[in-house]
Amino acid sequence: MPMTKNYVFIAKSLDGYIADKNGGLEWLNSIPNPDQNDMGYNAFMDKIDAIVMGRNTFSVVSEFDMDWPYHKPVFVLSNHLKTIPPKCKGKVELINGSESKILKALEERGFRSLYIDGGITVQAFLAADLIDELIITTLPILLGGGIPLFKELPDKLEFEHIRSEVFLNAIVQDHYKRKR
């Protein structure tokens, strides 16, 4: 079992989607947030060493009309992507292989606390039983379809509920820890 601790910090709709039918994320801003409450994101980022991000999520993030949003090393999982877009050079590194092999390689480089990000990536790490904690923020919206957070798993995985927080009197964030 890897020595890394692997976290998921993700938002979903009431019906379990992390992106709408067109892959869009605009619905994430559907609740007014005038004070720009980060809902624990910055505190979460302070406790991780690096981000393991799926290629699809990387493609979306790299197209945001803003500066690169991460100040931690980002490892992009891809068996197909061969080059990094110029604006992301020096900010991300491509990595591939099985989930356990990736964790072993990152652990050997001194990374112990990883943020696992991206729908397919989260699903793959869950299927390999390599997620230690889930922090799931649920917005009160039904998207009616899109990219699901979860898919069928080879085995049942049990988690312990740690806490729930309500933000903006509308958004619920649940924190779970894997029972081992």
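Author: The account below takes up the salt bridges and then turns to one histidine.

The model is a predicted one, and it holds eight salt bridges. In general, side chains of opposite charge can pair when their charged atoms come close.

One of these pairs is formed by Glu-133 and Lys-5, whose side chains meet with a nitrogen-to-oxygen distance of 2.8 Å. The two residues belong to distant parts of the chain: Glu-133 is in strand E7 (residues 133–139), Lys-5 is in strand E1 (residues 5–13), and 128 residues separate them. Glu-133 has a relative accessible area of 7% and is therefore buried, the limit being under 20%. Lys-5, at 28%, is partly exposed.

A further salt bridge joins Arg-180 to Asp-132, with 3.3 Å between the closest N and O atoms. Arg-180 lies in the segment after strand E10 (171–178), whereas Asp-132 lies in the loop between helix H4 (119–127) and E7, so the pair ties together parts that are 48 residues apart in sequence. Arg-180 is exposed, because its relative accessible area of 55% is over the 50% limit. Asp-132, with a relative accessibility of 17%, counts as buried. Both residues also take part in a network of salt bridges that links Asp-129, Asp-132, Arg-178 and Arg-180.

Another salt bridge brings together the side chains of Glu-158 and Lys-156, at 3.5 Å from N to O. Glu-158 is partly exposed, with a relative accessible area of 39%, while Lys-156 reaches 66% and counts as exposed.

The C-alpha atoms of His-161 and Arg-178 are 9.0 Å apart in space, and the two residues are 17 residues apart in sequence. His-161 has its place in strand E9 (residues 159–167) and counts as partly exposed, at 41% relative accessibility. Apart from its neighbours within four places in sequence, His-161 is in contact with Asp-174, His-175 and Tyr-176. The side chain of His-161 also makes a polar contact with the side chain of Ser-164, at 2.8 Å.

Definitions and conventions. Residues numbered from 1 in each chain as written. Predicted model: local features only at pLDDT ≥ 70, side-chain atom pairs only at ≥ 80, totals over all residues. Heavy atoms only, no water. Helix = DSSP H or I, 4+ residues; strand = E, 2+ residues; numbered from the N terminus. Buried < 20%, exposed > 50% of the residue type's maximum accessible area, 1.4 Å probe, protein only. Contact = heavy atoms within 4.5 Å. Polar contact = N/O pair within 3.5 Å; in protein donor to acceptor, adjacent residues only side chain to side chain. Salt bridge = Lys/Arg side-chain N within 4 Å of Asp/Glu carboxyl O.
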